[in-house]
Amino acid sequence: MARHGLVWAWVGLALVGAGTSVRAADPPPWLPKYDLTIRLDPQQRRAKVVQRVTWTNRHPRPAADLVFNAHARYTIPDGEVGLIAKTVELLRVAPKEALNFDGPALDMQSVRIVPASQEDIALVKRHQPAEQLKFNYASDNPTSLTVALPRPIGEGESVTVELAFDFKIPAKKGRWSQWNDITALAQWLPVVAVYDEHGWHPTPFIPWHQPFYNEAGIYTARITLPTEYKLACSGAFQQVTDAGKGCTEYVVAPTPLRDFAVVASARFQEHVGQAGHVQVRCLHLPEHAHYAKELVDTACAAIPVYEQWFGRYPYDQFTIAEACFGWNGNECGGLVLIDDRMFNMPHMARGYPTYLIAHELCHQWWYNVVGTNGYAETWMDEGPATYFSHRFADQYFGRNNELIEYPKLAGWLPNIHRNDLRNGGLIGER
């Protein structure tokens, strides 16, 4: 469970410090299950989604409702426009490129229960015509979605609901965005909040870093989009078929993930590498082939090292996707986003983008496998990812390596060392 991330993080640190390899356990059978049907239309900047969710109550306290973190309902509060504008300017992004004033991206159309028993069928018919469930957003947390259930769900019981919603993709930079011919949807789906003996714990959305606190889930997906688009997502493709009318359907096998991200572009090219049992994919724009190879090579070198320290990488595929979101890198389940500006770096500045992918890859263990309360304890995934990625970099690039590789005749120019990067981050956080 996410709230126990602190304990497991320190256990992992102790084992790694002792030189002992650890092995991740199988995912618990009670994890929420998400069955997704996604029809993505990048040209219209729309996605239509049907999301079936099965949730199991593991606590003595009965649950009279389901609560979701629906962070894509976020809109910028009137009093915070200036603060958000300054924040994106610090990231060297023009506010007009990143601030969306067109209303929330997520538009929930309906929620219905999927009866699992004759008792459920009778209750639904008696209390909820056409199986529709009432839902609302909390007044003090507009991204908290509460769905009223026809009966309380007791300990050990499960309930399945089906959410149908439209998603309006802003023509902006961000987690859910369309910019520079790339459509990206990260941390965009409603996910079940953490539930325990005290009740539900939804977290509000803040538009920087990773303010997420939820259980992992088992995700399956059917994604349909125009055939000319190349797709990256959090899971591996089990099947790819012609869906007719100029579209392709991608089927993703059941996969344990912390979240489910989707990235697509008609201009994407793919560079592939192999690290043991893991295929490493990089989806990138054609003009960025140089850094696609650099990132894949670094990830292929880092995976066996991290596996020795933390245990087997939990998937047979790791995906890197170019996107335009305003900061440098963003971890997702089974996938990382790397900002297009990193792909645009001068070739002699490879020291930072290659370190960055080592850091973001490390989050596949410290964020995705070992869950934390990202809203209240950001350091619990950033701390281990930063420490261990620098430890890997000491081996791969050399201790305190220079981040800029000047030509010989320009070697006298001032440089940036990796310790400068690390100390700058430490001072900035303080």
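With 430 residues, a compact globule would have a radius of gyration near 22 Å, and the chain has 22 Å, so the two agree. Keep in mind as you look around that this is a predicted model.

## The chain as a whole

Seen through its secondary structure, the chain is made up of 9 helices and 22 strands. Its C-alpha atoms fill a box of roughly 80 × 50 × 50 Å along the principal axes. Of the 430 residues, 52% count as buried. The accessible surface of the chain is about 19200 Å², and carbon and sulfur atoms hold 53% of that area.

How far apart in sequence are the residues that meet? Among contacts in the chain with a separation of 6 or more, 70% join residues 24 or more positions apart.

## Inside the cores

The largest nonpolar core has 97 residues, and those touching the most other members are V161, F167, F260, V262, Y306 and I320. Which element gives this core its largest share? That is helix α5, residues 289-310, with 12 residues. There is also a second, separate core of 17 residues, which includes I182, A184, W327 and L335.

Beyond its neighbours within four places in sequence, F167 is in contact with R45, R46, A47, A72, A105, L106, W176, L185 and W188.

H284 is part of strand β19, which covers residues 278-284. Is H284 buried or exposed? Its relative accessibility is 2%, so H284 counts as buried, the cut-off being under 20%. Q269 is 15 residues away from H284 along the chain, yet the C-alpha atoms of the two are separated by 5.4 Å. Leaving out residues up to four places away in sequence, H284 touches R267, F268, Q269, E270, H271, A289, A292, E322 and F343.

H59 sits in a loop, the one between β2 (46-56) and β3 (63-69). H59 has 11% relative accessibility and therefore counts as buried. Which residues does H59 touch, not counting those up to four places away in sequence? They are E155, Y195, D196 and E197.

## Two residues with positive phi

Y367 and N400 are worth a look for their backbone angles. Y367 is not a glycine, although it has a positive phi of about 155 degrees. The loop that holds Y367 runs between α7 (351-362) and α8 (379-396). Phi is also positive in N400, near 50 degrees, and this residue is likewise other than glycine. N400 belongs to the loop between α8 and α9 (418-429).

Why does Y367 count as buried? Because its relative accessibility is 6%. N400, at 26% relative accessibility, counts as partly exposed.

| Residue | Relative accessibility | Counts as |
|---|---|---|
| H284 | 2% | buried |
| Y367 | 6% | buried |
| H59 | 11% | buried |
| N400 | 26% | partly exposed |

Notes. Residues numbered from 1 in each chain as written. Predicted model: local features only at pLDDT ≥ 70, side-chain atom pairs only at ≥ 80, totals over all residues. Heavy atoms only, no water. Helix = DSSP H or I, 4+ residues; strand = E, 2+ residues; numbered from the N terminus. Rg over C-alpha atoms; globule rule 2.2 N^0.38 Å. Buried < 20%, exposed > 50% of the residue type's maximum accessible area, 1.4 Å probe, protein only. Contact = heavy atoms within 4.5 Å. Areas by Shrake-Rupley, 256 points an atom, 1.4 Å probe, with all protein chains shown as cover. Core = buried A, V, L, I, M, F, W, Y, C linked by side-chain atoms within 4.5 Å.
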